[in-house]
Structures are given as C-alpha cells and as structure tokens.
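Work through the exercises below with the model open. Each task is followed by a solution in steps.

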Amino acid sequence: MHLIRRFLASLLLLCSVARGLEVVRLNDSNFEHDTQATTGATTGNWLVAFCPTFDCSTFPNLSSLLVELSVDDDLLESGVVVATMHPEDSLKTYLRFKIETTSKRPVLLYLNKGLYTFSGNFAEEDELKDWVLTGYRKWNSKPVPKPFKGGIYFGYKDMTDFLNDFNRINNKHGMLINCVCLGSGLFLMIMLAMFIIKISEDSTPSESKKDD
C-alpha cells in the first residue's frame, strides 16, 4: 500500500511538472472535471484557495505556502493536490460554494469525500499542513454543492454569463450605476412619503361648517 501511495504521489508530481505548474489553476471550465468533487474526489484530495482578487500574489505568505505544500512529500503521499481559483474566470464556482468575491482574505476549502473549510492561520505552513493531513477530521464535513445547470438564469446560458456581464458593466460604469441606484432610492422614498401624507390627509375627517 505504501508503494502504491508513493507511485500515485510521484505521478501527481510528474503531471504537475509536465503542465509547468506546482499549484494547479482551476476555473469554471475545469473545476468539476479535474476535482470530481461531486462524485467523491476520485482524482485526489483537493486543497483549493479561493482568492478574492485576480491572483493570490497579493497575499505573498499564502502564495509561497501553497507552492511549498504542492510539493510537500507528506501531502503528495496522501494524494493532496493544491490549487487556486480566481473570480475572473470562476464566478459560477464561487457562487456554487457561496464564497464572496469581495472577501478580504482567501477562503481555503478542502475536498476529501466532503467539504471542509480551514479557519486557522493560513500563513503558518505547519498549521495548515497538519490540518490537511489529520486536523480536518475533528470537524464534520459538509456536502459538496452540486454544479449549477444552465438555462435557468434570467435567459442567460448560465450564471457565469450573467455575472460576467454584470461585473463588466459594474467595472466600466460603477459610478453611474451607484448614482442611478442612489437617485432611484431617494425618488422612491419621496414618493412613499407623499403617499403616506396623502393617505393621512384623506383619513382625517373634515370639520363641517357651523350654520350661523
């Protein structure tokens, strides 16, 4: 068994080197195919960092840590594959796992016959490594969310198209959208206030004039 695990670990490492990657880059197109998350992670156990920005380079400690873990002998022997995801090409997967793209720190998920979320200090290599190897067992796993199906999102092919369009428009005309939203909100508040005043006036009984 030990030799088999060694062989699988070496094979994973060779595949990583052959692709020119140590940390695998996942996106909406290859996430389910590569991880087989829904079917039980038959391609290995995946430690996936969901970055809130274009890449995890804005978190240098995490970036270097992921590289070190991706070639760690103990993790390789356990069949752990390290990967990152980025909102620019993974919005559907972020939505699937209910991860905010505006989060101030990356979210680390561990896919191992279930879903585990790392809540410790990701800047500490030993802490994260120990958690991936054994520490996660202290927590109850959550079911892996099923992938979204296309054709049900506001006439778009899938949610990715809708979010990509919204994100593109928001980035290009963010100030205009904020002004329109603010103006619409103020307009609705004024209309509501006028409606309440009108209802109040209509419900007040008028005083009948007294005959002299």
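Buried means under 20% relative accessible area, exposed means over 50%, and partly exposed lies in between. The model is predicted.

**Exercise 1.** Classify Arg 25 as buried, partly exposed or exposed from its relative accessible area. Then do the Asp 89 end and describe the pair.

*Solution.* 
- Step 1. Arg 25 has a relative accessible area of 28%, so it is partly exposed.
- Step 2. Asp 89 comes out at 29%, so it is partly exposed.
- Step 3. Arg 25 and Asp 89 form a salt bridge, with 3.2 Å between the closest N and O atoms.
- Step 4. Arg 25 sits in strand E1 (residues 24-25) and Asp 89 in helix H5 (residues 87-96). The bridge links distant parts of the chain, 64 residues apart.

**Exercise 2.** Which residue forms a salt bridge with Glu 32? Is that partner, Arg 96, buried or exposed?

*Solution.* 
- Step 1. The partner of Glu 32 is Arg 96, and their closest N and O atoms are 3.0 Å apart.
- Step 2. Glu 32 belongs to helix H2 (residues 31-35) and Arg 96 to helix H5, so the bridge ties together parts 64 residues apart in sequence.
- Step 3. Glu 32 has a relative accessible area of 22%, which makes it partly exposed.
- Step 4. Arg 96 is at 9%, under the 20% cut-off, so it is buried.

**Exercise 3.** Find the elements that the Asp 74–Lys 129 pair ties together. Then find the network that includes the pair.

*Solution.* 
- Step 1. Asp 74 and Lys 129 form a salt bridge, the closest N and O atoms being 2.9 Å apart.
- Step 2. Asp 74 lies in helix H4 (residues 73-77), Lys 129 in helix H6 (residues 125-133). The pair therefore ties together parts 55 residues apart in sequence.
- Step 3. Asp 74 is partly exposed at 36%. Lys 129 is buried at 14%.
- Step 4. Bridges with shared partners join Asp 72, Asp 74 and Lys 129 into one network.
- Step 5. Check the total: the structure holds four salt bridges.

**Exercise 4.** Which residues of helix H3 (residues 60-70) are buried? Why do they lie on the same side of H3?

*Solution.* 
- Step 1. The buried residues of H3 are Leu 62, Leu 65, Leu 66, Leu 69 and Ser 70.
- Step 2. These residues cover an arc of only 130° around the axis, so they fall on the same side of H3.
- Step 3. Look for the cover. It includes strands E2 (45-50), E3 (80-85) and E4 (107-111), together with H4 and H6.

Definitions and conventions:
Residues are numbered from 1 along each chain as its sequence is written. This is a predicted model: local features need pLDDT of at least 70, side-chain atom pairs count only at pLDDT 80 or more; totals for chains, interfaces and linings use all residues. Side-chain values use heavy atoms; hydrogens and water are left out. A salt bridge is a side-chain nitrogen of Lys or Arg within 4 Å of a carboxyl oxygen of Asp or Glu. Helices (H or I, at least four residues) and strands (E, at least two) are DSSP runs, numbered from the N terminus. Buried means under 20% relative accessible area, exposed over 50%, partly exposed in between (1.4 Å probe, protein chains only). The arc is that of the directions from the helix axis to the C-beta atoms. Contact means heavy atoms within 4.5 Å.
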